[in-house]
Amino acid sequence: MTDSYRADFQILEGDALIYFDNACQTLRPKQVLSAMNEYYEQYPACGGRSMHRLAARVSQQVDQARARIARFIDARDKKEIVFTRNTTEGINLVAHSLGLRAGDVVITSDKEHNSNLIPWQVLQQKLGIKHVIVATDQDGLLDLEAYQHALTQGVALVSMGYVSNLDGVAQPVERIIQLAHAAGAKVLLDGAQAVPHHKLSVTQLDVDFLAFSGHKMLGPSGIGVLYGKSQLLAELEPFLVGGDTVAFSTYTSHEFLAAPEKFEAGLQDYAGIIGLGAAVAYLEQVGFDAIVARELELNQFLTKELTTIKGLHLIGPQDPSLRSGIISFYVDGKDHHKIALMLDEVAGICVRSGQHCVHSWFHDRRLAGSVRASVYFYNTLAEAEVFVTQLRKVLSVL
Ligand SMILES: Cc1ncc(COP(=O)(O)O)c(C=O)c1O
């Protein structure tokens, strides 16, 4: 049972708030906040630059966090962990550092978050790369036949969302990666919605790059990670350059440090890195078995109840076990933003409404948007029951 963890989230004290917007950001437990406060109160210094005791402690804590995150995703080496601001920055780092040239093909699906769409559109306009979009089917899964066909064009990179923030569906990434490698392409996974929700091994997947964000996995906002295989990071040119990326410089030349430092330009978000390390430690304590079990229990209940509401359409497969912790829906004739606003006003329920940064998918289907409830391990069945009751009330008056 994961209910005992609720006490670590101060904002959940009492029953005034039902937080179902976890795909946007999760809440943070007090352990993460304490780790960050400890940095600011006890050793608020620069890592890797100054020689004094405070700086040494920063360097040691950052190193520990890096090693913990590497173990968490089963990377072979902590040097494969590059700190970024978020998933978006990780994807942009790969996009701008991989040395893509005119004519190089980059494949994505038709259901990508803007963060894994716009970088390729911009490179198409600026460099003349070819961005190929492979369709997903009714169940939100990549059309593997069309994908295999697309791979015959001499593809440089497959950049794929692992778990979708639109419908919670996980792509068959093992197969996607195998096929890409067999065709000589590299693979970047957008792991923003995957890493927080299930056990993942970058070594077993044999993925080349994986980007994810701290704020979707109990960590602070403004910190993220790009995992990259050692030999690939060694080959990549840094995208942001300056202080902390070089071993030495003259007025006319410089010598870059090795990865990950060459990618971590300027003074880092030390509190963020340390907070993310604490978040990972917390997630390890909760355990993915418990996380998956609670998300499934809540999604099964919500799916069963919501599908009895007249005019309500679920986005993605009907089977809740295929939708992680996400229940995204729209209701005929009802405005999704009004539903979200009223849920908050009448019952303190926080959900997301709109197009969830997947405008392209909604635009293509001529849909205005959806309401997205997204749960995490600290949410309860009692909260899900209140959500259903209140949603019915809101729909009856809208
Ligand atoms: C699937 C997916 N990819 C990328 C992102 C972008 O993450 P960030 O804003 O942390 O860079 C999100 C955020 O919602 C997401 O859900």
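Reader: Which exposed residues does the face of α6 turned away from its buried side carry?
Author: This is a predicted model. Helix α6 covers residues 173-182, and Val173, Ile176, Ile177 and Ala180 are buried in it. Seen down the axis of α6, these buried residues fall within an arc of 95°, so they line one face of the helix. The face turned away from them carries the exposed residues Glu174 and Ala182.

Reader: Against which elements do the buried residues of α6 pack?
Author: The buried residues in question are Val173, Ile176, Ile177 and Ala180. Their packing partners are α5 (144-150), β5, β6 and α7 (202-205).

Reader: Which residue just after α6 takes a positive phi?
Author: Helix α6 spans residues 173-182. Just after it, a positive phi of about 85° is taken by Gly184.

Reader: What arc do the buried residues of α4 cover around the axis?
Author: Helix α4 runs over residues 118-127, with Pro119, Trp120 and Leu123 buried. These residues sit on the same side of α4, because the arc they cover around the axis is only 95°.

Reader: Which elements do the buried residues of α4 pack against, and which residue follows with a positive phi?
Author: The buried residues of α4 pack against α3 (87-97), β3 (105-109), β4 (130-134) and β5 (155-161). Just after α4, the residue with a positive phi, about 85°, is Gly128.

Reader: Which residue of β6 is the bridge partner of Val158?
Author: β5 and strand β6 (residues 186-190) run parallel, joined by 5 bridges. In β6, the partner of Val158 is Val187.

Reader: Which way do the residues of β2 point, and which residue of β8 stands opposite Phe83?
Author: In a regular strand the side chains alternate between the two faces of the sheet. In β2 (residues 81-84), Ile81 and Phe83 point one way and Val82 and Thr84 the other way, and all are buried. β2 pairs with β8 (residues 224-228) in the antiparallel sense over 4 bridges. In β8, the residue opposite Phe83 is Val225.

Reader: Is Asp74 buried, partly exposed or exposed, and which residues does it touch?
Author: Asp74 lies in the loop between α2 (53-72) and β2. A residue is buried with 20 or more other C-beta atoms within 10 Å and exposed with 12 or fewer. Asp74 has 14, so it is partly exposed. Leaving out residues up to four places away in sequence, Asp74 touches Ser201, Val202, Thr203 and Gln204.

Reader: What is the order of the open sheet of 4 strands, and which strands stand at its edges?
Author: The pairing here is antiparallel, in the order β11-β12-β15-β14. Two strands have a single partner each, so one side of each lacks a neighbour in the sheet: β11 (312-314) and β14 (352-354).

Reader: Which residue of β15 is the bridge partner of Ile326?
Author: β12 (residues 326-331) and β15 (residues 370-374) pair in the antiparallel sense over 4 bridges. In β15, the partner of Ile326 is Ser374.

Reader: At what angle do α10 and α13 pack, and which residues of α13 make the contact?
Author: Helices α10 (residues 288-306) and α13 (residues 381-397) pack at about 20°, with their axes 10 Å apart. That angle makes α10 roughly parallel to α13. On the α10 side, the contact is made by Glu297, Leu298, Phe301, Leu302 and Glu305. On the α13 side, it is made by Leu381, Ala384 and Val388.

Note on methods
Residues are numbered from 1 along each chain as its sequence is written. This is a predicted model: local features need pLDDT of at least 70, side-chain atom pairs count only at pLDDT 80 or more; totals for chains, interfaces and linings use all residues. The arc is that of the directions from the helix axis to the C-beta atoms. Two residues are in contact if their C-beta atoms, placed from the backbone, lie within 7 Å. Two strands pair if DSSP finds at least two bridges between them. Axes are lines fitted to C-alpha atoms, for helices over the stretch in contact, and angles run from 0 to 180 degrees between N-to-C directions. Angles under 35 degrees count as roughly parallel, over 145 as roughly antiparallel, 65 to 115 as roughly perpendicular and the rest as oblique.
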